[in-house]
Amino acid sequence: EVNRHMHSLVYQKFFTAFYGLYFHETKRFRFSRGAHCFPILIRSKKLFELKSKGTVLGYLKDIQFQEIELQLKVQDKLVFFTDGLIKARNQKNIQFENIFYSILKKYHHLPIQNLINLIKKQFFKFHDQKKFEDDVCIIGMEVK
């Protein structure tokens, strides 16, 4: 529905999107994505990309999106982010992506709020410019 609506509003423009529903009682997570960055699942000291098929929204009128549902476990962490975060470059023209993934690997054990705060702190230290070229967003959740 969102895609069809956006297609009628914009001409040859597109955007990426991620949509997820978390069911607290069953710890099930259902999601779909439209060419957005793959969220990261942190489970038992390992990182997994939550992959699903989906194209950009708004450009084509009739498209399909894969919907995936997975069972989460206590202590699982999910990290959602925009490409503006990992593709941001510093003055030396280096992208933040490798730093982002190394932080996730090294500090996966931290509570999610501490992990997100650490990533934000390192991002602003890395990105020493006042202006961003793209949107920058990061959100995390931890299963209790």
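The protein contains 4 helices and 7 strands, where helices (H or I, at least four residues) and strands (E, at least two) are DSSP runs numbered from the N terminus. Along the sequence these elements follow the pattern α-β-β-β-β-β-β-α-α-α-β. The model is predicted, with local features needing pLDDT of at least 70 and side-chain atom pairs counting only at pLDDT 80 or more, while totals for chains, interfaces and linings use all residues. Residues are numbered from 1 along each chain as its sequence is written, and side-chain values use heavy atoms, with hydrogens and water left out.

**Overall dimensions and surface**

Taken along the principal axes, the C-alpha atoms fill a box of roughly 45 × 45 × 20 Å. The protein has 144 residues, of which 36% count as buried. Buried means under 20% relative accessible area, exposed means over 50%, and partly exposed lies in between (1.4 Å probe, protein chains only). The accessible surface comes to about 9,600 Å², and carbon and sulfur atoms hold 53% of that surface. These areas come from the Shrake-Rupley method with a 1.4 Å probe; for residues, only the protein chains shown count as cover.

A contact means heavy atoms within 4.5 Å. Among the contacts in the protein with a separation of 6 or more, 62% are between residues 24 or more positions apart.

**Aromatic pairs**

The structure holds 12 aromatic pairs. Rings of Phe, Tyr and Trp (its six-membered ring) pair if their centres lie within 6.5 Å; planes under 30 degrees apart count as stacked, over 60 as edge-to-face and the rest as tilted. Phe18 and Phe29 form a stacked pair, at 6.4 Å centre to centre and 20° between the planes. Phe18 belongs to strand β1 and Phe29 to strand β2, so this pair ties together parts that are 11 residues apart in sequence. Phe18 is partly exposed, with a relative accessible area of 24%, whereas Phe29 is buried at 3%.

Phe123 and Phe124 make an edge-to-face pair, with 5.5 Å centre to centre and 75° between the planes. Phe123 is buried, with a relative accessible area of 2%. One aromatic cluster is formed by Phe96, Phe123, Phe124, Phe126 and Phe132.

Leu115 sits in helix α4 (residues 112-126) and counts as buried at 0% relative accessibility. Leaving out residues up to four places away in sequence, Leu115 touches Ile42, Ile103, Leu104, Tyr107 and Leu110. From Leu115 to Leu50 the C-alpha distance is 19 Å, and the two are 65 residues apart in sequence.

Gly20 is found in strand β1 and is partly exposed, with a relative accessible area of 32%. With residues up to four places away in sequence not counted, Gly20 touches Phe29, Arg30 and Phe31. Gly20 and Glu67 are 47 residues apart in sequence, and their C-alpha atoms are 9.4 Å apart in space.

Most residues other than glycine have a negative phi.

**The largest pocket**

Which residues lie nearest the centre of the largest pocket? They are Glu1, Val2, Asn3, Leu57 and Phe65, out of 16 lining residues. On a 1 Å grid over the protein atoms alone, a pocket is an open set of points where a 1.4 Å probe fits, with protein on both sides within 12 Å along at least five of seven lines, and lining residues have an atom within 4 Å of a point.

The volume of the largest pocket is about 320 Å³. Grid points are joined across faces, edges and corners, and a volume is the space filled by probe spheres set on the points. Three elements, α1 (2-9), β1 (17-23) and β2 (28-34), each supply at least two residues of the lining. By class, the lining has 7 nonpolar, 4 polar and 5 charged residues. Here Ala, Val, Leu, Ile, Met, Phe, Trp, Tyr, Cys and Pro count as nonpolar, Asp, Glu, Lys and Arg as charged, and the others, Gly among them, as polar.
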